[in-house]
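Subject: Structure handover

Hello,

Here is the structure I promised to pass on. Please open it alongside this note.

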Amino acid sequence: MRRKLAAGNWKMNGTGASLSEVEALIAAHPDPKVDVLLCPPATLLERMSRLANGSAIATGGQDCHAAESGAHTGDISAPMLADAGASHVIVGHSERRDDHGETDAMVRAKAEAAHRAGLVAVICCGESLAEREGGLTLDIIGGQLAGSLPDGATGANTVVAYEPIWAIGTGKIPTTGQIGEVHDFIRAELVKRFGAEGEAIRVLYGGSVKPSNAAEIFAVANVDGALVGGASLKAADFSPIIAALEEA
Ligand code: PGA
């Protein structure tokens, strides 16, 4: 059985003062029945990792460069994230794809770099509103999976996050039927390509997950957890999402 995962993506939010939220989460979830991951901005990663050391909360980066080192001003490599205490890294988030022109090939190279550094790659995919309305959702997701996942993906080193772009930060979420359709499709694609490992790769839903809708989303087949943005910033919001996943 796949162990469920509640992952938080702080995006470009948080300073040292925000670590009190992590302290509160650790206190509230000393022994969670699900995996819990927080991906803070790079400036907080080492501090958060030290704080969470010995707790059930894992830490991760939000992006990595495909190379291990070199002349890439402003970038951070996968080994650097691991050195700062990360066990995971998000790659291919739609904000990276949009803001930085990241292609499937670049995302795949980043995921391969993550694997070389011993990190779990949380690989994101998702359709735009125009693609959804044009009936292209499964084509887009299929293409992103084929292009962004490395051949060496396993249940241990890879997590897939399905995040419809139009649901991110908007408060709009797909119906549970729409979520289920995409998650079933992703599972089938993973099994087709990776065999038994495709059954072991966790598939998260992301986009406007909140305490009020979490239980309904987690009841959908093939939803193995969530990638949560805004509602992961405060322990008071993220904690009930973790609890809902434990009960799912
Ligand atoms: P949101 O972001 O929960 O704020 O919609 C989700 C994400 O982008 O991972």
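Below are notes on the pockets and the ligand.

This is a predicted model, in which local features need pLDDT of at least 70, side-chain atom pairs count only at pLDDT 80 or more, and totals for chains, interfaces and linings use all residues. Residues are numbered from 1 along each chain as its sequence is written, and side-chain values use heavy atoms, without hydrogens and water.

The ligand sits in the second largest pocket (more than half of its atoms lie within 2 Å of the pocket's grid points). A pocket here is an open set of points on a 1 Å grid over the protein atoms alone, where a 1.4 Å probe fits, with protein on both sides within 12 Å along at least five of seven lines; lining residues have an atom within 4 Å of a point.

This pocket has a volume of about 180 Å³, taken as the space filled by probe spheres set on the points. Its lining has 18 residues, and Gly 169, Gly 207, Ser 208, Gly 229 and Gly 230 lie nearest the centre. Five are nonpolar, ten polar and three charged; Gly counts as polar.

Around the ligand there are 13 residues (a heavy atom within 4 Å). Lys 11, His 93, Glu 163, Gly 169 and Ser 208 come nearest.

Alone, the ligand exposes 280 Å², and the protein buries 95% of that (Shrake-Rupley method, 1.4 Å probe).

Now the largest pocket. Its space is about 580 Å³. It is lined by 21 residues; Lys 11, Met 12, Gln 62, Asp 63 and Arg 96 lie nearest its centre. Eight are nonpolar, seven polar and six charged.

Over to you.
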